[in-house]
Amino acid sequence: MAQVKTVSILGSTGSVGRSTVDLILSDPGRFAVQALTCRSNTSLLAEQAIKLKARLAVTADPAAYGELKNRLAGTGIEVAAGPQAVIEAAALPADWIMAAIVGMAGLEPVLAAIAQGTCVAIANKEPLVAAGPFVMAAARKAGTTLLPVDSEHNAVFQVFDSKRPEGIEKIILTASGGPFLKYDEAALAHVTPAQALAHPNWVMGAKISVDSATMMNKALEIIEAHYLFGLPAGKIEVLIHPQSLVHALVVYRDGSVLAQMGAPDMRTPIAQTLAWPGRMETTGPRLDFTKNMNLIFYPVDIKQFKSVPMAYECLAEGLWAGIAFNAANEIAVQAFLQNELPFTGIVPAVREAVEQMAKAGSREKLQNTRDVINFDGLVRERTSYNISRDKIRTTGTHS
Ligand SMILES: NC(=O)c1ccc[n+]([C@@H]2O[C@H](COP(=O)([O-])OP(=O)(O)OC[C@H]3O[C@@H](n4cnc5c(N)ncnc54)[C@H](OP(=O)(O)O)[C@@H]3O)[C@@H](O)[C@H]2O)c1
């Protein structure tokens, strides 16, 4: 009989969080749930906490405390609220913690989870992009194993010979190209949030869906891979693969190429990390190689997807540029989702903010995560200002 694994899920009400909950429910008796967290979706959080018999349920929104408390009255499940309570939930001892909060809001919870010295499954890519050296150093210091959840990074993790990295020539991350792969500039100008949220292959949260449409997701993943696998930018490539069946390839010095494949279903990489170093059964779709599977790969059109070359520029610039790139994108995506910025304005807004921060950024002494958070705040202010300025110029109205 396998030992019971204690687990927590940060961001359990999101897309990755919900898939993680499903996997845990699919294997009764194998997992004991410590903490579940959300931002404000207390009805789903309470439902999950009851089903999973969690010890603690936390909402990041202090105003939602009373509601969550009422929903869980009489269950014996502890309740807490506020950003600090999310960090404390992440610090609760567990054998395995899923980091699935979206954006930089996940940085401090991720660091608290890592400090325990067990296993952290990391879906939340933004803290790695903006604070990679600190996140990786914290994991080394605590002896924590970081298990990549992003399907491409999980694929690399599965076929990457980490004991002999000198044998690796390069890694290739695949990209579906998102819903607008075939759109020209004129068509892109009229894209709505609803269209951007409809990804052809994957069902995901709002931010990552928009990031996939701009290919900013792949750009962030290049920086994420740089930190996770300790590879220079020149050894990280991207290829368009619209079918999303091959998630990544590792090319070895002798010409051997090891790839990882699977149906586009996040349950597969999540299950790989949940059962690691073993495997667990999932009931998701399986690839059928008898069905005339013609795999298509081709290079990214960097004139169409300007976010991808920008990721390499940011890596060449250093830490400040990754922080600016990520923070400006979070603000621009939010503005697009609120109809404050056109779809075609997202990547230019990120470029403008990174360029504006260049002088300040290159002088910035980013010595710890507090410095990262402060610089991230400056970029957010600047990007929000730029977006409102442009809106006033084009419509004459202030938001
Ligand atoms: N979705 C995917 O297939 C996928 C694949 C690979 C990587 N990822 C990465 O995984 C992360 C999560 O993505 P997702 O698509 O699952 O996002 P999502 O569906 O938007 O879910 C985000 C989760 O984070 C919580 N949250 C949001 N803001 C928060 C805050 N300020 N403080 C605390 N909790 C907060 C949300 O709570 P509420 O529900 O209450 O808002 C929700 O539980 C992202 O970094 C993404 O890039 C996702």
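Student: In this predicted model, how far apart do the C-alpha centres of domain 1 and domain 2 lie?

Tutor: The C-alpha centres of the two domains are 27 Å apart. Domain 1 spans 5–148 and domain 2 comprises 151–263 + 286–309, while the assignment also gives domain 3 (318–399).

Student: What makes residues of domain 1 and domain 2 count as a contact, and how many residues does each side give?

Tutor: Two residues are in contact if their C-beta atoms, placed from the backbone, lie within 7 Å. The contact takes eleven residues from domain 1 and 13 residues from domain 2. On the domain 1 side, helix H6 and strand S7 (145–148) each supply at least two residues, and H6 gives the most, with five. By class, that side of domain 1 has six nonpolar, four polar and one charged residues.

Student: Why is strand S8 called largely enclosed?

Tutor: A residue is buried if 20 or more other C-beta atoms lie within 10 Å of its own. Six of the eight residues of S8 (residues 168–175) are buried, so the strand is largely enclosed by the rest of the structure.

Student: What makes S8 a paired strand, and in which sense does S8 run against S9 and S10?

Tutor: Pairing requires at least two bridges between two strands. S8 and strand S10 (residues 246–252) have five bridges and are antiparallel, with isoleucine 172 bridged to leucine 249 in S10. Five bridges also join S8 to strand S9 (residues 236–240), and these two run parallel. There, alanine 175 stands opposite isoleucine 240.

Student: How many helices and strands are in the chain, and why is the chain called as compact as a globular protein of that length?

Tutor: The chain has 16 helices and twelve strands. Its radius of gyration is 21 Å, close to the 21 Å that the globule rule gives for 399 residues, so the chain is as compact as a globular protein of that length.

Conventions: Residues numbered from 1 in each chain as written. Predicted model: local features only at pLDDT ≥ 70, side-chain atom pairs only at ≥ 80, totals over all residues. Helix = DSSP H or I, 4+ residues; strand = E, 2+ residues; numbered from the N terminus. Rg over C-alpha atoms; globule rule 2.2 N^0.38 Å. Buried ≥ 20, exposed ≤ 12 C-beta atoms within 10 Å, placed from the backbone. Domains from an automatic or database assignment. Nonpolar A, V, L, I, M, F, W, Y, C, P; charged D, E, K, R; others polar.
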